[in-house]
Amino acid sequence: MNLTSVTFRISSSAKCLSAAFLFFTASLSGQNTYDGVVRRIPEAELKTQAAFIDAERERLLAHFPAAIEKYKTFLYNEDKNGAAWYGLARCYQAQKEYGLAAEAVAKAVAAEPENEWYSVLQADVFEQNVRYKDAVTVYTGLVKSFPKNTAFYERLAYLQTLAEDPKAALKTLEKLESITGITEATSDKKHILYVAMGDDKKAAQELLKLADAKPDKLEYRHRLARFYENMGDAASARKVYEDILRRRPDDSAARLALAGGNKAKSGEVQRVESMQALFADPKVTLDDKVKEIMPYLVKIQNGQAEPALLQALLPLGDAVEKAHPAEAKAWSLSGDLYYLAGRNDEALPRYQQCLKLRSNVFSVWKNTLEILLGKGKFAEALPLAEQALDNFPNQPYAYYYYGVAATNSGKANDAIVQLEQALLMSGKDPLLTGMVSDQIGLAFIAKKDYDGAIKRYEAALAKGQDKNPLLLKHLGDAYNLKGDKAKADEYWKKAN
């Protein structure tokens, strides 16, 4: 039996590779059977086979330089062996030597052009070498040779996109769709390509085709409606939402989207007011309510909303509390509305109820602690800050709030330990760095270590906080408490 007569069928299956090894292991016994007759295998052939096995073993062990040398040794006498060139190409690819990998895999393809796995590797190497058009050529050949392999069409469309040929990619996806029918994956790809080409009409048509092909999945119609909204086509979006309600009358997202009529005509405040009944309805999901109200909250936070809008939103928060009393998110939403309105006395009990329901959102803890500390309720804030540290060990503000509460609860040493940690974590936030540095100084002042406070304040000034009026004022206070009136006046003047 001659080694060159063996056809290696390379695949991702470990079983296939193991079978090849078993064959070679049997061959190394020094004999083989041909037509029922046992014959000896020449020693030279045994050595050749062993060289291939050694090369494969080194590659599988990721010993790529050693594998490369062994493949080269084998190929010196077996230069038409596709499997060896394939293995050599994979070694070069693993070492990111894409030029050499391309040369090796080309020889594998030339030796066994019918082996699709060699061509797949060749296309991968071309892609990694940014030779997208060459990779497209390879896959164009693959889809012709294997017209029912859908994975090859998907890959070809992807490579055509990389090669900046979206029209060709769309044609490929059309062929794929003729095999598989309309699928979410194919529709998504076509939709994205049309958006990238600036053809919003055809992009919408792809979503509509998907929605019509899968009428039981209303999320596809919701996607179409949102796409129309993003395009600014409110009329088309409205038609889609109306269609959704005809199919599912209790669809909460569609009901919310249609509440109050046309946004442009009714105005934001009127629309918000019109949603009161829907927000009070426990059948409308809380997530849909949050999704609907979130754009308004962002506007308010960015200072882009009229005051009347915030006042109109407050009753929606009250309605959500009553509709979903057992959900932390409902109390968080309501608390946020009152917090943004500057009504901390009303925000606090809502946040506290949210925390009782085990909120894992740090902003709720942050706002609650800010309100408590602002009211001087340090004894109440301290255990809450300690819980925040346990629940959010990666949040520097948790350490800061603990430091403020501990300093004002007679635990300055504990405060300093946590504030030092906050300082280490606040490097990219100059505002927080200043706040923490100031609080460390106040903790030293609280324990009457005025020299320690002065040292920490001056270190902070040297690190970019020299324009921070609070640090300058409190540095002046530390000098004053130490009895150095002249220095105190100097820093108080700078603070002013």
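This is a predicted model: local features need pLDDT of at least 70, side-chain atom pairs count only at pLDDT 80 or more; totals for chains, interfaces and linings use all residues.
Leucine 357 sits in the loop between α21 (344-356) and α22. Setting aside residues up to four places away in sequence, leucine 357 touches Pro325, Ala326, Glu327, Ala328 and Trp331. Is leucine 357 buried or exposed, or partly exposed? Its relative accessibility is 30%, so leucine 357 counts as partly exposed.

**Helices α19 and α20**

Tryptophan 331 is among the α20 residues that contact α19, which makes this helix pair the next stop. Select residues 307-323 for α19 and residues 328-340 for α20. Two packed helices are described by the angle between their axes and the distance between the axes. Here the angle is about 155 degrees and the axes are 8 Å apart. That angle makes α19 roughly antiparallel to α20, the cut-off for this being over 145 degrees. The crossing of the two helices is left-handed.

Show the side chains at the contact. From α19, pick Leu310, Leu313, Leu314, Gly317, Asp318, Val320 and Glu321. From α20, pick Ala330, Trp331, Leu333, Ser334, Leu337, Tyr338 and Leu340. Sorted by class, these residues of the contact are 10 nonpolar, two polar and two charged.

Stay in α20 and centre the view on serine 334. Which residues is serine 334 in contact with, leaving aside neighbours within four places in sequence? They are Gly317, Asp318, Glu321 and Arg350. Gly317, Asp318 and Glu321 belong to the α19 side of the helix contact. Serine 334 has 0% relative accessibility and therefore counts as buried.

**Helices α22 and α23**

Next, select α22 (residues 362-374) and α23 (378-391). Their axes come within 9 Å and cross at roughly 160 degrees. The two helices are therefore roughly antiparallel to each other. As α22 passes α23, the crossing is left-handed.

Which residues make this contact? On α22 they are Trp365, Thr368, Leu369, Leu372 and Leu373. On α23 they are Phe378, Glu380, Ala381, Leu384, Ala385, Gln387, Ala388 and Asn391. By class, the contact has nine nonpolar, three polar and one charged residues.

Centre on threonine 368, which has its place in α22. Not counting residues up to four places away in sequence, threonine 368 touches Leu348, Tyr351, Gln352, Leu355 and Leu384. Of these, Leu384 is one of the α23 residues in the helix contact. Threonine 368 counts as buried, at 0% relative accessibility.

**Aromatic pairs**

Now turn to the rings. The count for the protein comes to 11 aromatic pairs. A pair of aromatic rings is described by the distance of the centres and the angle of the planes.

Select tyrosine 139 and phenylalanine 152. Their rings are 5.8 Å apart, centre to centre, with 70 degrees between the planes, and the pair is edge-to-face. Where do the two residues lie? Tyrosine 139 is in helix α7 (residues 132-145) and phenylalanine 152 in helix α8 (residues 150-162), so the pair ties together parts that are 13 residues apart in sequence. Tyrosine 139 is buried, with a relative accessible area of 4%. Phenylalanine 152, at 8% relative accessibility, counts as buried too.

Then return to α22 and select tryptophan 365 together with phenylalanine 392. The ring centres are 5.9 Å apart and the planes stand at 70 degrees, so this pair is edge-to-face. Phenylalanine 392 lies in the loop between α23 and α24 (396-407), and the pair ties together parts that are 27 residues apart in sequence. Tryptophan 365 counts as buried at 4% relative accessibility, and phenylalanine 392 counts as buried at 13%.

For one more stop among the rings, select Phe52, Tyr71 and Phe74, which ring pairs link into a cluster.

**The whole protein**

Finally, clear the selection and show everything. How many helices and strands does the protein have? The secondary structure comes to 29 helices and two strands. The protein has 496 residues, and 45% of them count as buried. Among contacts between residues at least 6 apart in sequence, 47% join residues at least 24 apart.

Conventions
Residues are numbered from 1 along each chain as its sequence is written. Side-chain values use heavy atoms; hydrogens and water are left out. Axes are lines fitted to C-alpha atoms, for helices over the stretch in contact, and angles run from 0 to 180 degrees between N-to-C directions. Helices (H or I, at least four residues) and strands (E, at least two) are DSSP runs, numbered from the N terminus. Angles under 35 degrees count as roughly parallel, over 145 as roughly antiparallel, 65 to 115 as roughly perpendicular and the rest as oblique. A crossing is left-handed if the near helix is turned anticlockwise from the far one by less than a right angle, and right-handed if clockwise. Contact means heavy atoms within 4.5 Å. Ala, Val, Leu, Ile, Met, Phe, Trp, Tyr, Cys and Pro count as nonpolar, Asp, Glu, Lys and Arg as charged, and the others, Gly among them, as polar. Rings of Phe, Tyr and Trp (its six-membered ring) pair if their centres lie within 6.5 Å; planes under 30 degrees apart count as stacked, over 60 as edge-to-face and the rest as tilted. Buried means under 20% relative accessible area, exposed over 50%, partly exposed in between (1.4 Å probe, protein chains only).
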